[in-house]
Amino acid sequence: MSKLRDIRVLTTAAMLVAISIVLGFFKIPITQLIEIRFSFLANAMAGALFGPFVGGLVGALSDLGGYLIKPTGPYFPGFTLTAAVGGVIAGLTLYGHKPSLIRCFSCEFLRMIIANILLNGIFLSMLYGRGFVAVVTSRILKQLVMLPVQTLMLFAAMQLLVHFKRESLVGGSRI
């Protein structure tokens, strides 16, 4: 919480919220059910840069902002909670550690199990009145297909983050 008193952290987190909202409008459809999305990258960056609290806050604000700009159905606070949990997981697994493929896989695997399958499964079941097992079963295959894709995307983004962070430190400024 004290990190939000630092103007650099606050402005960077706000930019990551904006980037996440914009990235949320882009997707690459693979099949009718599977699509590649990009907004999780900005949320993961917030967690990696500033820890679980800021990561969760960026995730929640990104979800709220994306809904306010372009609602795609009824608002359900459970999905905001899921986005926040995704940012917290990124903060817990990536913050303060050198990014590696194993660490990025761990982050995405935990996010897949906890947020995308369990929490979203519960919330979709509640929202649409379908059985939890039916909802989760249909989500597992999608998540297993997306796990390596999102792991590689996150690893590439983390490598860019390390590069830019190193470049900004050389120039005298810091993130």
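This is a short tour of two helix pairs, H3 with H4 and H4 with H5, in a predicted model.

**Stop 1: H3 and H4**

Select residues 52-69, which form helix H3, and then residues 77-94, which form helix H4. Their axes lie 7 Å apart, and the two helices pack at an angle of about 150°. Because of that angle, H3 counts as roughly antiparallel to H4; the cut-off for this label is an angle over 145 degrees. The crossing of H3 past H4 is right-handed.

Next, show the side chains where the two helices touch. On H3, pick Pro52, Gly55, Gly56, Gly59, Ala60, Asp63 and Leu64. They meet a set on H4 made up of Phe79, Thr80, Ala83, Ala84, Gly87, Val88, Gly91 and Leu92. Colour this contact by class: eight residues are nonpolar, six are polar and one is charged.

**Stop 2: H4 and H5**

H4 passes H5 in a right-handed crossing.

Which residues make this contact? From H4, select Gly78, Phe79, Leu81, Thr82, Val85, Gly86, Ile89, Ala90, Thr93 and Leu94. Coloured by class, the contact of H4 with H5 shows 15 nonpolar, five polar and two charged residues.

**Last stop: Phe79**

Terms used:
Residues numbered from 1 in each chain as written. Predicted model: local features only at pLDDT ≥ 70, side-chain atom pairs only at ≥ 80, totals over all residues. Heavy atoms only, no water. Axes fitted to C-alpha atoms, helices over the stretch in contact; angles between N-to-C directions. Helix = DSSP H or I, 4+ residues; strand = E, 2+ residues; numbered from the N terminus. Parallel < 35°, antiparallel > 145°, perpendicular 65-115°, else oblique. Left-handed = near helix turned anticlockwise from the far one by under 90°. Contact = heavy atoms within 4.5 Å. Nonpolar A, V, L, I, M, F, W, Y, C, P; charged D, E, K, R; others polar.
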